[in-house]
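Student: I would like to learn how to read a model of several chains. Could we go through it one feature at a time?

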Amino acid sequence: MSAISTSHTDELVRIRGLRTQLGSKVIFDGVDLDIPRGRVTAIMGPSGTGKTTLLRHITGQLVPDAGEIVVDGHDLSKLDRNALFDLRERIGYLFQNSALLTDFSVFENVAFPLRQHARLPEELVRNVVLMKLQAVGLRGAAELMPAELSGGMARRVALARAIVRDPTLLIYDEPFVGLDPIALNQVVKLIRVLNETLGLTSIVVAHELSAVSRVSDEIYLLAAGRVAAHGTPQELVRGATDWTRQFFGGEADGPVPFHYPARDYAADLGFAQVRP
Amino acid sequence: MSEKRDSGSRLGDGLAQVGALGLFLLQVLAAIPRSLRYFAETVRQIFFVGAMSLVIIITCGLFIGLVLGLQLYEVLSRFGSTASVGTVVAIALYRELGPVITALLFAGRAGTSITAEIGLMRATDQLAAMEMMAVDPMAYVVAPRFLAGIVAMPLLACIFNALAIFGSHLVAVSWLGLDNGTFWSNMTGAVDVWTDVMNGVWKSAVFGAVVTLVATFQGYTTAPTSEGVAYATTRTVVYSSILTLVIDFLMTAFLM
Amino acid sequence: MTQRRSHQIGTGLFILLGFTALGYLATQTTSLANYRQGPTYALKARFTNIGQLKLRAPVKVAGVRIGSVTDIQLEPDRLEALVTLAVDRRFNQLPDDSAASVFTSGLLGDQYVALKPGGSPDMFKDGDEIILTQSSVQLEELIGKYLVGSGDSPARKPEEAKPADPAPATPDPATH
């Protein structure tokens, strides 16, 4: 898949002035963000800052209220359904809970995107699938069903499925959640190795700082609907904004308040009348 | 005051649900041409909704037939017309009982499993994953199940009817001693292929569409939690049963 | 792959079973069953009144079906109903002085043609006419005849009497 874009910019994904409102809640209020080609870019942020929503914007599953999203030279707002599907065929997406199809074996799950979009000889399908499974170390598990896999294995199978069509962009949504240290390190290693060997561009959404700093070239920290910080992992850890200090230091209170917005505590308890 | 507002908003919710179901139907119909390339998937779904419902359909059909035979023999003997047991059983089954009872059983057996399955796909992001793999879940997941329901329901209803006739014959002829020839000749004299048998076949095809439409809709739009899937499954049985009976009345009154 | 294959086979068996059931219901439990009784021969019969006799109504001997009504026409000159019956060839031992009547099965059931065998040594052949016929007995006529004939209340006209329930007013079986 030599999907080299016609535009000669350095970014695979460019987002400008993104504004999104879901219901009455403003998720993004002017986000500018660039995902450079060939690198691993991490998007971090406290829970509820819309990291997954951002991914859904990039894949065109959700249309923003305002702003421009350009993926590989295509302005998403100008693509029709077919063009969008064509674009998605070049994006691999690793879901938080793996999202393997329950009815199919590991082999058939990995083969699924191939079977849907290309009429390949069975021999070739078999070889491609086994190669991808080998890459994630699960060639021996090809005949298992998803229900028989551990969480870490399921995620690696999902990863094999995401790369089976050699995508240009690979998106990881919370790839480290719920993994034991061994499985976590396996996934960290895989993200790095795949990005280098396959020449991918990767986006990782996560909030495990240690794993993210080992895996990523650049980090965007989202908070309160904006980009709160941006830089290499070292820069961000050294950097001294309130956001980064709280987030990376794991402090309970700070710009992200411990208390959900509420009325005055004393007033709520009924002590307010005592004072004149 | 608040009660009034509650019932008002409930009515609004109900109307919104009906409207959403209608829109969903249009989406499903639009997806059917695209789903033809997943023919193997439709075949697989006929197996799941049809063949897997056989046990309950056969058992219930047989027992409904046995009960109908007993009851009708008793009632008809008061008028000295036990000879028409077969006729009454056959006509009642073909025109009403077969399609309706099969649809209700189908809603309980196949409808719930469709809702639970699609709901689980929603909850575990399998539907989103398909979208990301550029596979339209409407064409790959929903439409094949809808088509399978339309194909499987009439066949299930026919199997149900055959078993019920067998059951009533067992009671009336083998047990209560009605003459075998009388049983069949009265039936064959009064039952018509088109107005009775095929009438029921068309009806059950419509019911198959109704049940699978409600089931896929509930699964597709479920809240992506285990609680949401459980509620959606219940709603499938309730709504598809009600809708089946309402449509049955409308079809009987205005079309047949 | 093997699993997919077994689903396909299962689906095929299911569809086969369903269509077998449909075929059975359609051909064995409906009037279609009556068409497939092998070769038949035709008999004709004239009735002054056939009541509600319909096409495909059964023809019975001793209560057992032997054929069906295939044609009903009004003869323009004699103003009688000419009914054509198709009788199964297996029952070709009907004496040619047998009598045909239009009866009702049960009190309110469908009407059928009953043949009562006679004693002639000669048998009916294809296309023969049944000479001895008895028309349908109309329930209304019967009630009217009874009410007028019983003479309990000669002043009452049948039209007025009609709405009255006839059942309790039959203490005298001799009128039949």
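Student: Which helices and strands make up chain C, in number and in order?

Tutor: The model is predicted, and its chain C has four helices and eight strands. Read from the N terminus, the order in chain C is α-α-β-β-β-β-β-β-β-β-α-α.

Student: What percentage of chain C is buried?

Tutor: Of the 176 residues in chain C, 22% are buried. Sequence separation is another thing to read: taking contacts in chain C between residues at least 6 apart in sequence, 62% join residues at least 24 apart.

Student: How do I read strand pairing, and to which strands of chain A is strand 1 joined?

Tutor: Look at the bridges and the direction. Strand 1 (residues 11-22) of chain A is joined by nine bridges to strand 2 (residues 25-36) of chain A, and the two run antiparallel. Five bridges join strand 1 to strand 4 (residues 66-71) of chain A, again with an antiparallel run.

Student: Which residues stand opposite each other in these pairs?

Tutor: In strand 2 of chain A, Leu33(A) is opposite Ile15(A). In strand 4 of chain A, Ala66(A) is the bridge partner of Arg19(A). As a general idea, side chains in a regular strand alternate between the two faces of the sheet.

Student: How many residues lie between strand 1 and strand 2 of chain A?

Tutor: Two residues lie between them, and the strands form a hairpin. In its turn, Gly23(A) has a positive phi of about 65°.

Student: Is Met153(B) buried or exposed?

Tutor: The cut-off for buried is 20 or more other C-beta atoms within 10 Å. Met153(B) is buried because 30 other C-beta atoms lie within 10 Å. This residue lies in helix 6 of chain B.

Student: Which residues does Met153(B) touch?

Tutor: Leaving out residues up to four places away in sequence, Met153(B) touches Thr102(B), Ala103(B), Phe106(B), Ser204(B), Ala205(B), Phe207(B) and Gly208(B). For a separation, take Val237(B): 84 residues apart along the chain, the C-alpha atoms of Met153(B) and Val237(B) are separated by 16 Å.

Student: How many residues do chain B and chain C give to their contact?

Tutor: Chain B gives 30 residues and chain C gives 27 residues. On the side of chain B, helix 2 (39-49), helix 6 (137-175), helix 7 (180-190) and helix 8 (193-220) are the elements that give two or more residues. Helix 6 of chain B gives the most, with seven residues. By class, that side of chain B has 18 nonpolar, nine polar and three charged residues.

Terms used. Residues are numbered from 1 along each chain as its sequence is written. Chains are lettered from A and ligands numbered from 1 in the order in which they are written. This is a predicted model: local features need pLDDT of at least 70, side-chain atom pairs count only at pLDDT 80 or more; totals for chains, interfaces and linings use all residues. Two residues are in contact if their C-beta atoms, placed from the backbone, lie within 7 Å. Ala, Val, Leu, Ile, Met, Phe, Trp, Tyr, Cys and Pro count as nonpolar, Asp, Glu, Lys and Arg as charged, and the others, Gly among them, as polar. A residue is buried if 20 or more other C-beta atoms lie within 10 Å of its own, exposed if 12 or fewer, and partly exposed in between; C-beta atoms are placed from the backbone. Two strands pair if DSSP finds at least two bridges between them.
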